[in-house]
Amino acid sequence: MPRDPERRSRTLPFDLRGGGRPPRSASSQLSRVLLGFLSVLVFAVTAGGWAVYTYANGRIGQVNLDLGDDRPEESEGATNFLLVGTDSRAGLEGQRSDTTILAHFGEDETVTMLSIPRDTYVTIPEYTDTDGRKHARHKAKFNSAISDGGPSLLVRTIESLTNMRIDHYVSMDLAGFKSITDAIGGVDVCVLPSDHKEFVAENGRTSRNTNDPMSGFVGGPGTVHVGGEQALAFVRQRHGLPGGDMDRIRRQQQFMGAVFHKVVGGGVLTNPSQLEQLLSTATGALTLDDNTDLLDLRKLATRLKGIASGGVGMQTLPTHPPTRAEGAVNDRGEILVGGQRVSVQFYNPADLERIVAPLGGSTGSAPGAGGADATEVAVQVFNGSGIAGLAADAVDELNGKGFRATNAGNASTSNYVTSRVRFGTGLDAAAATLQTLVPGARLESDPGIDGLQLILGSSFDGIADVPVTAPAAAPAATGAETAAAGTTAAGTVPGAPAPPAAATPPPPPNCTY
């Protein structure tokens, strides 16, 4: 579809909004990184006017998605973006997708973001590679789609999984961070000291957050000025970080914040040569499909600002290592693929159906209702509304209905409007039960948390007066089971009174491991 030339002359507004929330999912973190990246670009273009916009728009890499005719139908009034974070120049086969998010903009202005873990074992559609060899439909890791068949195969895989049509493809390349930093003379980042046990790789090399031979980053703790190769190493590091991939995304978020402040306050916008170099490198880190341009990115950046206020629903497809009964060849959850042992993650199609069905998608699986009884699961209640006493009242009402709820205090931001029910792996049914008691609440899956979390927004008007199924008597746990399940979201052994959650002071601003 050709672009509308009239769209190019419209003004590009800029709006970047900070904020926090309880422990964030990978999709939330990547969204903030991408929002910061796009905001820097859009702000620089806005400052330069129409001529700069035309220049920048013409330099963004584009890929023609060969998707064929067998695709899901277009959504009435809805738009779907596919957001991809890669570690090589996008648009080419052989790249690696570190993070993939399906962002659904509903007709009712709601935004839902679904993150697909890269090791999820999925069905890859048939495709033809660049050498003309045909590959039949097969099972493989999710991130092999873009590695083997490029963006087109990745989009077709997502559409096949969800039956949702992708309207816009946006890819951000980590390697572009190096050029961006060089263009503005480097930035200052902050590295926290860590007592995390050193990570020892299979090749015997030892990684710490301040000295990682895997990525090449060396620096800190404290403030570190990074540029060039060290900037790239800083955003790439994963080994030796306490939170692994999550801490890597937090580093990327911090880095983009530092870039933004350097651009706005460091004189880059008033220096024509620096501005041109910044636009050249920033646009070089992006790849869009040929039906997407900067005006679409403006729409994306504007809608993603709702992350801070809870206006964006975050979902992560629940996955688990396969058991021996599911085909694993050892206790590490590895399976045999082509005679090779491969570590993968399995998912329940019913879980994916529960997420995509409200968005107009379908997997052909009925959403199951199995899992733990909601009243058997510890519930942390956060007040994200700014209304005093709201969490305490909700805790009292939930405990009166048989739940094991504790007051976790205030959320890290007080401007939530819509309430959230967040749940860990295997607790989808329990979360759905809790959701029925909080009218208007949204479900968010996050395998990084234990138990349930209820984040109250300003629209919360009390726990609904509906019946809750009485909890079944739990069988006595073995010592191993108790050790595995002993720490819940409230930090207690199941069945024991839960103490109030201790407040954890936040780290210094713009500082991470």
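Reply: The protein chain contains 12 helices and 25 strands, where helices (H or I, at least four residues) and strands (E, at least two) are DSSP runs numbered from the N terminus. This is a predicted model, in which local features need pLDDT of at least 70 and side-chain atom pairs count only at pLDDT 80 or more, while totals for chains, interfaces and linings use all residues. Residues are numbered from 1 along each chain as its sequence is written, and side-chain values use heavy atoms, with hydrogens and water left out.

Of the 513 residues of the protein chain, 51% count as buried, buried meaning under 20% relative accessible area, exposed over 50% and partly exposed in between, with a 1.4 Å probe and protein chains only. The chain exposes about 22,500 Å², of which carbon and sulfur atoms supply 50%; accessible areas come from the Shrake-Rupley method with a 1.4 Å probe, and for residues only the protein chains shown count as cover. Among contacts with a separation of 6 or more, 72% join residues 24 or more positions apart, a contact being heavy atoms within 4.5 Å.

The part you ask about is an open sheet of five strands in the order 21-20-24-22-23, with mixed pairing; two strands pair if DSSP finds at least two bridges between them. Strand 21 (404-410) and strand 23 (442-445) stand at the edges, and because each has a single partner strand, one side of each is left without a neighbour in the sheet. From one strand to the next, the twist averages 20 degrees, with axes taken as lines fitted to C-alpha atoms, for helices over the stretch in contact, and angles running from 0 to 180 degrees between N-to-C directions.

Strand 20 (residues 378-383) and strand 21 run parallel and are joined by five bridges, and Ala378 has Arg404 of strand 21 as its bridge partner. Helix 10 (residues 390-400) packs on the sheet, where it touches strand 20, strand 21 and strand 24 (452-456), and the direction of helix 10 makes about 175 degrees with that of strand 21.

Elsewhere in the chain, Ser152 lies in helix 3 (residues 144-162) and is buried, with a relative accessible area of 15%. Apart from neighbours within four places in sequence, Ser152 is in contact with Asn64, Leu65, Asp66 and Leu67. Asn163 belongs to the loop between helix 3 and strand 9 (168-173), and its phi is near 55 degrees, a positive value in a residue other than glycine.
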